[in-house]
Amino acid sequence: MDVSPALLADRVLQTRQGQTVQEVQINVLKKAMDMQELASAALLNAVAGDLPLASGGAVGTQVNTLA
């Protein structure tokens, strides 16, 4: 099998470019996931807030939960 050095060099460059593109895509995905994590944490904190315990009755006077 006869392989041209130019063809081999071209394939190596294409492989490296493909790896670079994949690394960039992974970094963009990680940043998007980090932003989504921060946004969802902010939403959950805004919803939960400080919920006071019930002051009377049989339910809600000991444990404060949010479903």
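Colleague: Which residue forms a salt bridge with arginine 11?
Modeller: A salt bridge here is a side-chain nitrogen of Lys or Arg within 4 Å of a carboxyl oxygen of Asp or Glu. The structure, which is a predicted model in which local features need pLDDT of at least 70, side-chain atom pairs count only at pLDDT 80 or more, and totals for chains, interfaces and linings use all residues, holds one salt bridge. Residues are numbered from 1 along each chain as its sequence is written, and side-chain values use heavy atoms, with hydrogens and water left out. With the closest N and O atoms 3.8 Å apart, the partner of arginine 11 is aspartate 10.

Colleague: Is arginine 11 buried or exposed, or in between?
Modeller: Buried means under 20% relative accessible area, exposed over 50%, and partly exposed in between, with a 1.4 Å probe and protein chains only. Aspartate 10 has a relative accessible area of 33% and is partly exposed. Because its own relative accessible area is 45%, arginine 11 is partly exposed.

Colleague: Which backbone oxygen does the side chain of threonine 15 reach?
Modeller: Threonine 15 is found in helix α1, helices being DSSP runs of H or I with at least four residues, numbered from the N terminus. Threonine 15 is partly exposed, with a relative accessible area of 46%. At 2.9 Å, its side chain reaches the backbone oxygen of arginine 11.

Colleague: What percentage of the residues of the chain count as buried?
Modeller: The chain has one helix and zero strands, a strand being a DSSP run of E with at least two residues. Valine 12, placed in helix α1 (residues 5–48), counts as partly exposed at 36% relative accessibility. Of the 67 residues of the chain, the share that counts as buried is 0%.

Terms used: A polar contact is a pair of N or O atoms within 3.5 Å; within protein, one must be able to donate a hydrogen and the other to accept it, and residues adjacent in sequence count only if both atoms are side-chain atoms.
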